[in-house]
Amino acid sequence: MRILVVEDEPKVASFIRRALEEESYAVDVCPDGAGGLDWAQTVNYDLIVLDLMLPGLPGVEVLKRARAAGVKTPVMILTARSEVDQRVKGLDAGADDYLTKPFAIEELLARARALLRRSGGAPSGILQVDDVVLNPVTREVTRAEQRLEFTTKEYALLEYLMRNAGRVLTRSMIAEHVWDLDFDTFTNVIDVYISYLRNKIDKGRERNLIQTIRGSGYMMRSDG
Ligand code: CA
C-alpha cells in the first residue's frame, strides 16, 4: 500500500508520515500542490492525503486536475474547521473523504483504512497461500497454525506477495508498492528483505513458498 501525503506544514507532514509508516504503508510526502499533482499522475498510489491550503497550486485545483487527468486514487482532504466552503469544493472536485484540522491521528488511520477497503486496495478478507494465513485486520500471520512475527517492512512485503500470489513481481513493482520513491539508491534491499521473509516463512519447511524467478523477481505460490 502506497500513500501520497501532500502537505506543506513539515510538522503535520512528518506526524502523518510516521503514523502511516508504523502501519506499514509506504509513504511519499510532497510539500506543494504542483509537485503533488505531478506525483499523483506518475505513481500508482493507493491513497492520497491532500491538504487544501497549499502554496502555489491550491489543493482543490490539484484534485480537479488529477481527476480530469483520470487519476482514480481515493483522496482524503484536510481542511481547517473554518474552511467549510473549501471542504465543499473539495468534495465536489472528487474527494472521497475529509478530515478537519486538528485531528486525532487514530481517526486519520481509521479513515485511511476505510477508504482503502472501499477502493479494493486493502480487502479485509483473510489472505492464504498454502498453509500461510495473513489477516490484514489484526495483522496476524501464521504458518501451519503457528504464529509468526514480522517487522513492519517484512509484513508489508509479505502482504504484497500474498495478495499477488502466483504472479511474478519484479523488483521495481515491489519497490513501488512496498518502499518509497527514493528507493532506487539501494535496490538490493528487496533481496535482503526477501531473505528475512524466507528465514521466517520457509526455513526448515517441506514446501518453499517464496520463489526466485531468475532474471525477473519473486513470486509466492504454494507448489514450491
Ligand atoms: Ca497547509
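**Entry 1: charges**

I began with the charges and counted 30 positive and 34 negative side chains in the protein, the centres of the two sets lying 3 Å apart. For this count I took Lys and Arg as positive and Asp and Glu as negative, leaving out His and the chain ends. I placed each charge at NZ of Lys, CZ of Arg, CG of Asp or CD of Glu.

A note on what I am working with: this is a predicted model, where local features need pLDDT of at least 70 and side-chain atom pairs count only at pLDDT 80 or more, while totals for chains, interfaces and linings use all residues. Residues are numbered from 1 along each chain as its sequence is written, and side-chain values use heavy atoms, with hydrogens and water left out.

**Entry 2: overall build**

I looked up the secondary structure next and found eight helices and 12 strands. Helices (H or I, at least four residues) and strands (E, at least two) are DSSP runs numbered from the N terminus. The radius of gyration is 19 Å, close to the 17 Å that the globule rule gives for 224 residues, so the protein is as compact as a globular protein of that length. That radius is taken over C-alpha atoms, and the globule rule is 2.2 Å times the number of residues to the power 0.38. Along the principal axes, I get a box of roughly 60 × 35 × 30 Å for the C-alpha atoms.

Of the 224 residues, 48% are buried; my cut-offs are under 20% relative accessible area for buried, over 50% for exposed, and partly exposed in between (1.4 Å probe, protein chains only). The protein exposes about 11000 Å², and carbon and sulfur atoms supply 50% of that area. These areas come from the Shrake-Rupley method with a 1.4 Å probe, and for residues only the protein chains shown count as cover.

I also checked the contacts, meaning heavy atoms within 4.5 Å. Among those with a separation of 6 or more, 59% are between residues 24 or more positions apart.

**Entry 3: salt bridges**

How many salt bridges does the rule give? The count comes to 19, a salt bridge being a side-chain nitrogen of Lys or Arg within 4 Å of a carboxyl oxygen of Asp or Glu. I followed up three of these pairs.

Lysine 101 pairs with aspartate 51, their closest N and O atoms being 3.2 Å apart. Lysine 101 sits in strand β5 (residues 97-101) and aspartate 51 in strand β3 (residues 47-51), so this bridge ties together parts that are 50 residues apart in sequence. I find lysine 101 buried at 18% relative accessibility, and aspartate 51 is buried too, at 2%.

Aspartate 131 and arginine 143 form a salt bridge at 2.8 Å, N to O. Aspartate 131 is in the loop between β6 (127-129) and β7 (132-135), and arginine 143 is in strand β8 (residues 140-143), so the parts they tie together are 12 residues apart in sequence. Aspartate 131 is partly exposed at 23%, whereas arginine 143 is buried at 1%.

The side chains of glutamate 154 and lysine 200 meet at 2.7 Å, N to O. Glutamate 154 belongs to helix α6 (residues 152-163) and lysine 200 to helix α8 (residues 189-201), so this pair links parts that are 46 residues apart in sequence. I noted glutamate 154 as buried at 5% and lysine 200 as partly exposed at 30%. I then looked for shared partners: Asp130, Asp131, Arg143, Asp202 and Arg207 join into one network.

Leaving aside residues up to four places away in sequence, arginine 87 touches Leu52, Ile77, Thr79, Ala80, Arg81, Tyr98 and Thr100.

**Entry 4: backbone checks**

Back at lysine 101, I saw that the peptide bond from lysine 101 to proline 102 is cis, with omega near -5°. Proline 102 is in the loop between β5 and α5 (105-118).

I also looked up positive phi values in residues other than glycine. Serine 24 has phi near 65°, lies in the loop between α1 and β2 (26-30), and is buried at 8%. Alanine 144 has phi near 50°, lies in the loop between β8 and β9 (146-148), and is partly exposed at 46%.

Last, I checked proline 10, which is found in helix α1 (residues 10-22) and is exposed at 65%.
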